[in-house]
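This briefing covers a predicted model of a protein.

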Amino acid sequence: MQSLIMEPEPKPQRMEPLKFLPVVFMFATILFLYVAYVVQHCIPRPQLDVDPKLVDKDIRARGQLELTVFHWVTALMTVCYVRAMFTSPGTIPSDDKNWEYQEDYFSFLPSFLKETKRSGDRRHCKWCSKFKPDRTHHCRVCRQCTLKMDHHCPWIYNCVGYFNYKWFFLLLFYCMINLHLITWTMVETVWRVVEVPTPLFAMFIVFFTETLAAFMTLLVTLFFFFHCYLVVNGMSTIEFCEKVMPKGEVNEIPENVYDLGLYGNISAVLGDKALLWLLPVNGPPGDGLTFLSATEKVAYDDLEATKTVLRKGNKGRPRQERGICGGADGEGVC
């Protein structure tokens, strides 16, 4: 049922400078928050210009911890941003005849497909001239069909789909951690610039940084927990919208057939190794073309469990030697 694992095809070049502006804006925002937090908050914490006898060791220790955590999270966030931006979300293979659009096979529905049109025919893309795998949608910005398309994200200049959704999800996670860190730890700095005479420009930077970080913290946190809801329920953003606001173009499925349970849903997105779930390595298993339903996964797990039991049962049994003609213990029976 499952197709062979395939590497995602190279992402087509889309030289549209205006659509790259959101990425420039995002990088500028990240750079500003980074510089402002380090210069206005982290650097003063060690109190290097204060007499050693007057240094507050508690503030210095907390400052060193904040600076270390902030840089580690920033490094992971940067890796996720780059991977989400430059990893192809996956598209329909061009060298696979199973997906080539042919009118003779329009009504033929392979057993591994679950989504159809209301007429019962296979879903196809009129722009790409290909049959669509389950959960695949055409992106008019990228001008291609995206496997398990979630949405097109202008902030990463890319579609979010099967092969880069983990990097996008972790990008939100690390952004949220950094923004919370900036928002809550800079409260002390805000009070400091209010109580201690501070240059007007420095005071403006501190207030603007705190306000911007607090506003973005609210937005990113809500967005991240929305995607947590999608992940644990085995849905994409498009599937969520189709469930809430059905358009009637696709045959409605009474329940989410892709819901594999909590662990199964998380593993389908973050990879099959739980220890690597929160690291930007070990992408999702599979090829993005076929998906197990909940009932199929149960049957598959039962089959694997049966094989394991049989292997363990046969492991302790002595192996009989057979003769040339099939007799046991070397005795030929012809």
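Along the sequence, the elements of the protein come in the order α-α-β-β-β-β-β-β-α-α-α-α-α-α. That order comprises eight helices and six strands. The model is a predicted one.

**Burial, surface and contacts**

- The protein has 334 residues, and 42% of them count as buried.
- Its accessible surface is about 20000 Å², and carbon and sulfur atoms account for 65% of that area.
- Taking the contacts between residues at least 6 apart in sequence, 65% link residues that are at least 24 apart.

**Packing of α1 and α5**

- Helix α1 spans residues 21–42 and helix α5 spans residues 200–232; the two pack with axes 10 Å apart, at an angle of about 125 degrees.
- Because of this angle, α1 is oblique to α5; an angle between 65 and 115 degrees would count as roughly perpendicular, and one over 145 as roughly antiparallel.
- The crossing of α1 past α5 is left-handed.

**Residues at the α1–α5 contact**

- From α1, the contact involves Thr29, Phe32, Leu33, Ala36 and Gln40.
- From α5, the contact involves Ala202, Ile205, Val206, Phe208, Thr209, Leu212 and Met216.

Technical notes
Residues are numbered from 1 along each chain as its sequence is written. This is a predicted model: local features need pLDDT of at least 70, side-chain atom pairs count only at pLDDT 80 or more; totals for chains, interfaces and linings use all residues. Side-chain values use heavy atoms; hydrogens and water are left out. Axes are lines fitted to C-alpha atoms, for helices over the stretch in contact, and angles run from 0 to 180 degrees between N-to-C directions. Helices (H or I, at least four residues) and strands (E, at least two) are DSSP runs, numbered from the N terminus. Angles under 35 degrees count as roughly parallel, over 145 as roughly antiparallel, 65 to 115 as roughly perpendicular and the rest as oblique. A crossing is left-handed if the near helix is turned anticlockwise from the far one by less than a right angle, and right-handed if clockwise. Contact means heavy atoms within 4.5 Å. Buried means under 20% relative accessible area, exposed over 50%, partly exposed in between (1.4 Å probe, protein chains only). Accessible areas come from the Shrake-Rupley method with a 1.4 Å probe; for residues, only the protein chains shown count as cover.
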